[in-house]
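Here is a short report for a first look at this structure. Keep the view open while you read.

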Number of protein chains: 2
Amino acid sequence: MNGATPPPSPPPPVTMRRATADDIPAIVSMLADDPLGARRESPGEPALYRPAFDRIDADPNQHLMVAQRDGRTVGTLQLTIIPGLSRRGSTRALVEAVRIHADARGSGLGGRLIEWAVDEARRRHCTLIQLTSDATRLDAHRFYERLGFEASHVGFKKQL
Amino acid sequence: MNGATPPPSPPPPVTMRRATADDIPAIVSMLADDPLGARRESPGEPALYRPAFDRIDADPNQHLMVAQRDGRTVGTLQLTIIPGLSRRGSTRALVEAVRIHADARGSGLGGRLIEWAVDEARRRHCTLIQLTSDATRLDAHRFYERLGFEASHVGFKKQL
């Protein structure tokens, strides 16, 4: 150890806040910047997303969040709180649409977002948090397992 | 073909209706009558489930349903409507807690319940319907694939 070597500077703090309508373009841009999302999204048409934003924003069980660092939006996720009868009347939390900005990947930010979701789910008295990940996203699977999630289920989807 | 053989009588009609608090014991009994549910539920304590029922019932995006045949409750499921930004602002439907009464299994009723969920999701302008099934429920996986669901995702869960 050389006393002249400066310690690494700590990463700038990340803050999570509820998304506003002004965040729609940044969120949609992140949704589109993804091998699967590229085919599904229309980042040049943010107005297309406004009715959906308004439905999310009006629902007290929906929490569409943005992560910010140095004043820039670097991530997003949506947390849904779902009351239920099963498991002795447990409330569960569902995580959807997790995205990290391309410039911020590899910085541990994904872990921060999921830790926020876990903490928020606990704060809202959920006893279970769940998500599905496309079967092709092998890196994501390892990521969720490192964060304590168990790949206990098969996720079925049907387009309508 | 012998003209004296009577045709098989058609199965009695199944009706789906929104659950009321009076349905809690029958629903919990079905949740518990299952290899996984037996460990998780308390069918002798229906009052334990009432606060959860009230939360579900108060949420316009939650649809806790019972299937009835000949005046008996023979099945249940919960449908959650989830607005979202991804997939061009798509709304999705989530199916949870599907159960068929032991006396009614093998009668095609499960298919009827899921078809109801698919139709209701379409009626509510969802473009995707999804569910997860425990990795050990192999019969259920074949059942959902027969109904047009694709096992495209891995379902991750974490107890809180």
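Strands here are DSSP runs of E with at least two residues, and helices are runs of H or I with at least four, both numbered from the N terminus. The model is predicted.

**A histidine in a strand**

A:His63 sits in strand S2 of chain A, which covers residues 62–69. Is A:His63 buried or exposed? Its relative accessibility is 6%, so A:His63 counts as buried, the cut-off being under 20%. Its side chain makes a polar contact of 3.2 Å with the side chain of A:Arg18. The side chain of A:His63 also reaches the backbone oxygen of A:Pro60, at 3.5 Å. Leaving out residues up to four places away in sequence, A:His63 touches several others, among them A:Leu77, A:Leu79 and A:Arg124.

**Salt bridges**

Over all chains, the whole structure holds 24 salt bridges.

| Pair | Closest N and O atoms |
|---|---|
| A:Asp57 and A:Arg18 | 3.8 Å |
| A:Arg105 and A:Asp33 | 3.7 Å |
| B:Asp34 and B:Arg99 | 3.7 Å |

Take A:Asp57 and A:Arg18, which form a salt bridge. A:Asp57 lies in helix H2 of chain A and A:Arg18 in strand S1 (residues 14–18), so the pair ties together parts 39 residues apart in sequence. A:Asp57 is partly exposed, at 39% relative accessible area. A:Arg18 is partly exposed too, at 35%.

A:Arg105 forms a salt bridge with A:Asp33. This pair links distant parts of the chain: A:Arg105 is in the loop between S4 and helix H4, A:Asp33 in the loop between H1 and H2, 72 residues apart. A:Arg105 is partly exposed at 44%, and A:Asp33 is partly exposed at 38%.

In chain B, B:Asp34 forms a salt bridge with B:Arg99. B:Asp34 lies in the loop between helices H1 and H2 and B:Arg99 in strand S4, so the pair ties together parts 65 residues apart in sequence. B:Asp34 is buried at 13%. B:Arg99 is buried at 12%. In chain A, a network of salt bridges links A:Asp34, A:Arg99 and A:Arg137.

**Helix H1 and the two chains**

Helix H1 of chain A spans residues 24–32, and its buried residues include A:Ile24, A:Ile27 and A:Leu31. The buried residues of H1 pack against H2, S2, S3 and S4 of chain A together with helix H3 of chain B.

How are the chains related? A rotation of 180° with 0.0 Å of shift along its axis superposes chain B on chain A, with an RMSD of 0.1 Å. That is the relation of a two-fold axis. The same surface serves both copies, as 100% of the contact residues of chain B recur in chain A.

Key: Residues numbered from 1 in each chain as written. Chains lettered and ligands numbered in written order. Predicted model: local features only at pLDDT ≥ 70, side-chain atom pairs only at ≥ 80, totals over all residues. Heavy atoms only, no water. Least-squares fit on C-alpha atoms with pLDDT ≥ 70 in both. Contact = heavy atoms within 4.5 Å. Buried < 20%, exposed > 50% of the residue type's maximum accessible area, 1.4 Å probe, protein only. Polar contact = N/O pair within 3.5 Å; in protein donor to acceptor, adjacent residues only side chain to side chain. Salt bridge = Lys/Arg side-chain N within 4 Å of Asp/Glu carboxyl O.
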